[in-house]
Amino acid sequence: MIFFVVSLRNRTLGGALACFGALSNLVVVQLNGGRMPVEAGAFFGLVGPKGYAQYAARTNLESVKTALSALDDRILLPHPFPFAAVWSAGDIMLAVGFVVFTVELMITRPRVITDKAAGHRRKAA
């Protein structure tokens with residue numbers, strides 16, 4: 001919530017993108033009984049045959065009843081990468097949004113100060 005307020009106050013594209021990603025994840029989770037569904041092929045690719053047999057019963061695998069299945073966890077980031085997992089479109093929007101938000105806050109913008117008495121605008125030093 002604080003991140004949302006800060007991103008609105010600073011009018012940042014990254015903040016809006018991150019909030020949209022979080023909101024899309026929240027909607028998918030709420031529409032699917034409180035758990036994020038996972039596409040079975042991507043889950044199998046991540047954990048392999050032995051892990052699939054062990055964890056498939058405890059994982060909310062995608063089915064024909066899955067609401068908004070295009071937004072569930074289906075993008076496989078395999079093990080050579082540091083964050084090996086199955087990601088959703090919302091996860092990617094959230095991560096990209098945080099990066100863009102951080103870059104936007106690091107870039108300095110000149111502030112404009114308005115002298116209300118005289119009606120003049122000048123750049124702050």
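Mentor: Let us begin with a term: a polar contact is a pair of N or O atoms within 3.5 Å, and within protein one must be able to donate a hydrogen and the other to accept it. Please keep in mind as well that this is a predicted model.

Trainee: Understood. Which backbone atom does the side chain of Thr 66 reach?

Mentor: The side chain of Thr 66 reaches the backbone nitrogen of Ser 63, at 2.8 Å.

Trainee: And where is Thr 66 found?

Mentor: Thr 66 is in the loop between helix H3, residues 40–55, and strand S1, residues 75–77.

Trainee: Is Thr 66 buried or exposed?

Mentor: Thr 66 has a relative accessible area of 13%. Buried means under 20%, so Thr 66 counts as buried.

Trainee: What is Thr 66 in contact with, leaving aside its neighbours within four places in sequence?

Mentor: With those neighbours set aside, Thr 66 is in contact with Asn 32, Pro 37 and Asp 72.

Trainee: Let us follow Asp 72, then. Where is Asp 72 found?

Mentor: Asp 72 lies in the loop between H3 and S1. Asp 72 is counted as buried because its relative accessibility is 0%.

Trainee: Which side chain does Asp 72 join in a polar contact?

Mentor: The side chain of Asp 72 makes a polar contact of 3.0 Å with the side chain of Arg 74. Beyond neighbours within four places in sequence, the contacts of Asp 72 include Val 28, Met 36, Glu 39, Glu 62 and Trp 87. Pro 37 is also among them, and Pro 37 is in contact with Thr 66 too.

Trainee: How many residues apart along the chain are Asp 72 and Leu 61?

Mentor: They are eleven residues apart along the chain, and their C-alpha atoms are separated by 9.7 Å.

Trainee: A change of topic: at what angle do H1 and H2 pack?

Mentor: Helix H1, residues 2–10, packs against helix H2, residues 13–31, at about 145 degrees, with the axes 8 Å apart. The crossing of the two helices is left-handed.

Trainee: Which residues meet there?

Mentor: From H1, Phe 3, Phe 4 and Ser 7 meet Gly 15, Ala 16, Ala 18 and Cys 19 of H2. By class, five residues in this contact are nonpolar, two are polar and none is charged.

Trainee: One more residue. Is Ser 24 buried or exposed?

Mentor: Ser 24, which is in helix H2, is buried, with a relative accessible area of 10%. Apart from neighbours within four places in sequence, Ser 24 is in contact with Leu 71, Gly 90 and Met 93.

Notes
Residues numbered from 1 in each chain as written. Predicted model: local features only at pLDDT ≥ 70, side-chain atom pairs only at ≥ 80, totals over all residues. Heavy atoms only, no water. Axes fitted to C-alpha atoms, helices over the stretch in contact; angles between N-to-C directions. Helix = DSSP H or I, 4+ residues; strand = E, 2+ residues; numbered from the N terminus. Left-handed = near helix turned anticlockwise from the far one by under 90°. Contact = heavy atoms within 4.5 Å. Nonpolar A, V, L, I, M, F, W, Y, C, P; charged D, E, K, R; others polar. Buried < 20%, exposed > 50% of the residue type's maximum accessible area, 1.4 Å probe, protein only.
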